[in-house]
Protein chains: 2
Amino acid sequence: MSARLLNLSRPSIAHSSLKSISKRLPRFSASRPVSSCSPSFPCVEAHAARESRLKENSRASSSSTTPGRTESGPEPAYARPNPTSYNVYHHTHPLNLTYSHEPLPSFDIAYETWGSISPARDNVILLHTGLSASSHAASTAANPADGWWQKFIGPGKALDTNQFFIICTNVLGGCYGTTGPSSIDPTTGRPYATTFPILSIFDMVRAQYRLLDHLKIDKLYASVGCSMGAMQSLATAWLHPDRVGKVVSISGTARSSPSSVAMRYAQRSVLMADPNWNNGFYYDALPPHTGMKLARQIATITYRSGPEWDQRFGRQFRPRPESDDPSTIRVPALCPDFLIETYLDHQGEQFCLKYDANSLIYISKAMDLFDMTYSALQELKLASTTPSASSSPDPSSSSHPSLHKTSHSKSHPPPLKPPPHLSDLAKGLQPLAQIPTLVLGVQSDILFTVEQQREVADALRMAGNDNVSYYELGGVWGHDTFLIDVLNVGGAIRGFLS
Amino acid sequence: MSARLLNLSRPSIAHSSLKSISKRLPRFSASRPVSSCSPSFPCVEAHAARESRLKENSRASSSSTTPGRTESGPEPAYARPNPTSYNVYHHTHPLNLTYSHEPLPSFDIAYETWGSISPARDNVILLHTGLSASSHAASTAANPADGWWQKFIGPGKALDTNQFFIICTNVLGGCYGTTGPSSIDPTTGRPYATTFPILSIFDMVRAQYRLLDHLKIDKLYASVGCSMGAMQSLATAWLHPDRVGKVVSISGTARSSPSSVAMRYAQRSVLMADPNWNNGFYYDALPPHTGMKLARQIATITYRSGPEWDQRFGRQFRPRPESDDPSTIRVPALCPDFLIETYLDHQGEQFCLKYDANSLIYISKAMDLFDMTYSALQELKLASTTPSASSSPDPSSSSHPSLHKTSHSKSHPPPLKPPPHLSDLAKGLQPLAQIPTLVLGVQSDILFTVEQQREVADALRMAGNDNVSYYELGGVWGHDTFLIDVLNVGGAIRGFLS
């Protein structure tokens, strides 16, 4: 007995308290089975239980017209499109794509609007979404539920509906009303699945331009986006500089970094390893809900920051089961145990049936591929091989004449030794040289790092843009700051747009 | 045709080059099937192919004595222990454990040594490993293969074998000769699997002390460790301050942060979701090789840094297949495509059959649970409820008298407003107050951040330790710096130990 205590405590303490050994013997909670029992793993059982529910629902609705699609239960929300809650523009002409021989024969684009269009049709803001968002950025008469940017859209808000007509679309490749891998391929009558062509951010924006054409909107007052939406926002101006008045790029990039590719690759990998994914052909079977949950857990790690978790969760455990004697030693579990784990588990659980797995794969790949350096654009035949004559000096020339233009905000100095790709990026961004641009980033963002924000601002300035507003925010919210920090993010946008 | 070109290029460029449309029409590589074909996913097929190989090997060896364990082929290396290449100490007495009612009835501990023990047995360095390393830190006569710290151990090296006798063990819970979940439970005659008890870092160190007792080593010249080894290094000194002369803690922590828990949780989650994991009972079947590969990919992201990948991979793609026409547009794949992706894929592939999945789960959980704050130690009945009388001032007192002792290296100032847990940690670390300690961290480490290194150094100084050497390294190698930077890491260790 004393040997046991000696092992469990530091000897100096143990020696000093041998008199009260029996009192100090550690006791253990009985909630975990002892080694002779069969261990249980509720976190693993949750996947199996969800699979059973999905199977049961699928059977119950086997008489319905769409196999595997049920009326209720834990069935993917994207499989129940509700075109009464948003508008759909059906484009009947082929859309050419960056990476594909074949154009997309036709496509739908889901969109919602807020505010009123002016008689001159010159007060339009096109709002671009992040990876998994729908067109429902804020509540509407048709859908009063809160949207993903609810606090930023409305009378007197960052996007002021008293002044602007705001359009938000579900992105091409998505699953909330716009054509994507889960849509029916008109040539086969079955879902595209992974026969859907690889997309680029430029393809998404081209589809949005077809909607603007349809709505007879020649020129946007502004193109606004956060995260992947910031990529689209830059691409919108790049494709048609004459059709965009101002650009807002928040927590985005003009050139995806290998570390962000790595983090999205990890998500695609766990998803594609789920047997239910079945090479993308799961639309008449069970969706890869476990892979989606795991992918979302990884994504969530990249959306916030360590300092936020220090403050919010620290090293706290989930509450002990009531059956536990609080005076005993808590026996840890291999399933979620710390609050940070139950938080990730919950985030994954919430998401896993809300979004289409193939949409996640295609859109995250499009983000990886995004690169506005001149050489990358040229390789895609997007930029001409001989640069067009321009009034701006060529930022790729060895003397970097326009580097001196990088006056910068007070918050960060111009790069002393710009990396080689910066002048390449400046050359790629030259079409934006005359468009006032707001670039805003967050220092705690690990997905779209603040270095990437500086890169966009520096490259635009090197390209000759004298109207780059640049802000860096502090705080602990990481990449998600654009969803949370109404005061600072909203304020910067209001100031820039007014 | 012109409409297509208009879509693919910026209109201004397209308009200017209408004459040469046919030449400028983008062409595409034919290596990716067009949409009418069935898409192929080599990265997914690789899992299935490995599974087939494993099954075949398993069948071929079904006549062998150990079911599922074969003589050759892609069979887990840990399932083929080779006790001729390392020493094994078999401890026949029960080992009490932090979180378990039942002691471990007996255990093996695999170890290797370098250099010669002095007649006074006072030149011993105990080297602790990271999560997945074996006792093979450097080549030996019995095993001439390079070890995991090959460049740091030898005559005149960081751990100088002319001067020191170095011992490295495989950690308790591991799978390279020391008892762990893949070992046979003597009470059942079958592998423990997940009936193995939850471990703490303290348990691992207690097992190592039993080996030191066996080797008649009363006091270590130094306890040295990196990553998880740094946790053990601190715990070694904490359990028996009188038996440790110096402590080296490199890229470790005294209190795991929620962000590191999150990253390890993501790894455990993907592993436990692999159907082959089977609640841990896979030893007579196929191991969860896909889950292991995915887990290792996630781990690899945390071992290096974004800046390293910027330099090493940038946005480079893997080489195009030779069948591709280099003048065509490269059609991206959903499987690994960028070099950063093929790198992660390769790292996962290399690891997935080299290490036991349950060992990964148990040891990574032990890392999560590691917390040397006084309140956490007290909760585990490791620290007494009434602190022992000490010559050092109580660092938890409100006036923080010893905070003024935090003289710090020149590289970082003392914390102006120490977080609440710092004095708790200082109180927990008080047993180390008289032990010279080297704390070294790396600014690009995202797993054991530099803030965590400062925390250890600050807490030790607050505890009254006047002999804390503290270094922060720059560079881009992140957490893996301790494996790579022989000059700086090795130099600091040599200087501190001499």
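Predicted model: local features only at pLDDT ≥ 70, side-chain atom pairs only at ≥ 80, totals over all residues.

Reader: Thanks! What makes B:Glu341 and A:Lys365 a salt bridge?

Author: Their closest N and O atoms are 3.7 Å apart. The cut-off from a Lys or Arg nitrogen to an Asp or Glu carboxyl oxygen is 4 Å, so the pair qualifies. Between chain A and chain B the count is eight salt bridges.

Reader: Which element of chain A gives the largest share of the side that touches chain B?

Author: That is helix α7 of chain A, residues 258–272, with eleven residues. By type, the side of chain A that touches chain B has 54 nonpolar, 23 polar and 19 charged residues.

Reader: How many residues does each chain bring to the contact?

Author: Chain A brings 96 residues and chain B brings 95. A residue is included on the basis of heavy atoms within 4.5 Å.

Reader: And how is the size of such an interface expressed?

Author: Often as the accessible area lost when the parts come together. Chain A and chain B bury about 8300 Å² between them, with 64% of it on carbon and sulfur atoms. There are also 20 residue pairs in polar contact between these chains, both residues being at pLDDT 80 or more.

Reader: Now to the inside of chain A. Into which domains is chain A divided?

Author: Domain 1 covers 87–254 + 373–497, and domain 2 covers 256–369. Their centres, taken over C-alpha atoms, are 27 Å apart.

Reader: How do you know that domain 1 and domain 2 of chain A are in contact?

Author: With heavy atoms within 4.5 Å as the criterion, 39 residues of domain 1 of chain A contact 33 residues of domain 2 of chain A. The area buried between these two domains is about 2900 Å², and carbon and sulfur atoms give 66% of it. On the domain 1 side, A:Leu131, A:Leu447 and A:Val476 lose the most area to domain 2, together 22% of what that side buries.

Reader: Why is the pair A:Arg190 and A:Asp284 called a salt bridge?

Author: The N to O distance between their side chains is 3.2 Å. The limit is 4 Å, so the name applies here too. Two salt bridges are found across the interface of domain 1 and domain 2 of chain A. The side of domain 1 that touches domain 2 divides into 25 nonpolar, twelve polar and two charged residues.

Key
Residues numbered from 1 in each chain as written. Chains lettered and ligands numbered in written order. Heavy atoms only, no water. Buried area = accessible area lost by both parts, 1.4 Å probe. Polar contact = N/O pair within 3.5 Å; in protein donor to acceptor, adjacent residues only side chain to side chain. Helix = DSSP H or I, 4+ residues; strand = E, 2+ residues; numbered from the N terminus. Nonpolar A, V, L, I, M, F, W, Y, C, P; charged D, E, K, R; others polar. Domains from an automatic or database assignment.
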